[in-house]
Amino acid sequence: MNATANTPGADDVVIEAHGLSRVYGRGKAATRAVDGVALSVKAGEVVLIFGPSGCGKSTLLALLGGLDRDYTGTLRLFGQDTRRLGDAALSRLRGRRIGFVFQAFHLLPHLKVLDNVAAPSLFADALTAAEARRHALSLLDRVGLADRAAAHPTELSGGQRQRVAIARALFHDPRLLLCDEPTGNLDQRTGAQIIELFAKVHQDLGTTIVVVTHEDRLATLAHRKLFMTDGRVESDGEAP
């Protein structure tokens, strides 16, 4: 484990999966994208998932985030069996406790940066519009982009757009951050800045982070590294 990473909680298990599988298609055309994965992630851990393209990494991440419910096996998030949660309850769980960061950013180009970060407030009634905008501005300040709040995503660099996406993912102070190739579209220098930002988020907030990646330089953040092949986790061990 990297010496700079926070120590994970001993008893608080955020993700627990057993025999988790996802199959696309039927019969001879069936493809087993995720095949019997067993995985446990404790609070405060940073876990990296490596593997060749097409090995099932992104499919596994979608399952772990409750974005895909068409699976066999068991999956518990924050101690709750997702199979027993209705769509509305699972949606609330995702909205309140899980943040997502994607390689393609998924920002809304017609909205200003501030409104993109505040967008999660549209799916919850805990904050007024003014409160949501103030909170969004504080998050933009955290990622170093408060001065671009009035810009549109098309006016930003790739690294800046990823910072906005991270700020949006943190809007509801999630306990779990799921990231799919967050530096995949960025150059070396900009990717290093995003890695530093993830390190700061983990250090400041103790957020549990699971990252699908091809980049070993992210290992400086990690407690554990998983390697997938053909839908299976072939190895799971502490990061050096």
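Gly-66 comes after helix 1 and has a positive phi, near 75°. The model is predicted: local features need pLDDT of at least 70, side-chain atom pairs count only at pLDDT 80 or more, and totals for chains, interfaces and linings use all residues. Residues are numbered from 1 along each chain as its sequence is written, and side-chain values use heavy atoms, with hydrogens and water left out. The protein has 6 helices and 10 strands; helices (H or I, at least four residues) and strands (E, at least two) are DSSP runs, numbered from the N terminus.

**Overall form**

- The radius of gyration is 18 Å, close to the 18 Å that the globule rule gives for 240 residues, so the protein is as compact as a globular protein of that length. This radius is taken over C-alpha atoms, and the globule rule is 2.2 Å times the number of residues to the power 0.38.
- Along the principal axes, the C-alpha atoms fill a box of roughly 50 × 40 × 40 Å.
- Of the 240 residues, 48% count as buried. Buried means under 20% relative accessible area, exposed means over 50%, and partly exposed is in between (1.4 Å probe, protein chains only).
- The protein exposes about 11500 Å², and carbon and sulfur atoms supply 50% of that area. Accessible areas come from the Shrake-Rupley method with a 1.4 Å probe; for residues, only the protein chains shown count as cover.
- Among contacts with a separation of 6 or more, 72% are between residues 24 or more positions apart. A contact means heavy atoms within 4.5 Å.

**Helix 1**

- Helix 1 is mostly covered, with 6 of its 8 residues buried.
- The buried residues in helix 1 are Lys-57, Thr-59, Leu-60, Leu-61, Leu-63 and Leu-64.
- An α-helix has 3.6 residues a turn, so residues three or four places apart point the same way.

**Charges and salt bridges**

- Side chains of opposite charge can pair when their charged atoms come close.
- The count comes to 13 salt bridges, where a salt bridge is a side-chain nitrogen of Lys or Arg within 4 Å of a carboxyl oxygen of Asp or Glu.
- One of them joins the side chains of Arg-22 and Asp-68, at 2.7 Å from N to O. Arg-22 lies in strand 1 (residues 13-24) and Asp-68 in the loop between helix 1 (57-64) and strand 4 (72-77), so this pair ties together parts that are 46 residues apart in sequence.
- Arg-22 also forms a salt bridge with Asp-70, and the closest N and O atoms are 3.6 Å apart. Asp-70 is in the loop between helix 1 and strand 4, while Arg-22 is in strand 1, so the pair ties together parts that are 48 residues apart in sequence.
- Arg-22 and Asp-68 are both buried; for Arg-22 the relative accessibility is 10%.
- A salt bridge also joins the side chains of Arg-84 and Asp-81, at 3.9 Å from N to O. Arg-84 counts as exposed because its relative accessibility is 73%, whereas Asp-81 counts as buried at 17%.
- The mean positions of the 29 positive and 27 negative charges are 4 Å apart. Lys and Arg count as positive and Asp and Glu as negative, while His and the chain ends are not counted. The place of a charge is taken as NZ of Lys, CZ of Arg, CG of Asp or CD of Glu.

**Ala-132**

- Ala-132 is part of helix 4 (residues 129-142) and counts as buried, at 2% relative accessibility.
- Apart from neighbours within four places in sequence, Ala-132 is in contact with Ala-118, Ser-121, Leu-127 and Phe-171.
- Ala-132 and Gly-237 are 105 residues apart along the chain, and their C-alpha atoms are separated by 40 Å.

- Thr-183 lies in the loop between strand 7 and helix 6 and counts as buried, at 0% relative accessibility.
- Leaving out neighbours within four places in sequence, Thr-183 is in contact with Gly-191, Ile-194, Ile-195, Glu-215, Arg-217 and Leu-218.
- Gly-184 is in the loop between strand 7 (176-180) and helix 6 (188-205) and is partly exposed, with a relative accessible area of 39%.
- Not counting residues up to four places away in sequence, Gly-184 touches Gln-103 and Glu-215.
- The C-alpha atoms of Gly-184 and Glu-45 are separated by 22 Å, and these residues are 139 residues apart along the chain.
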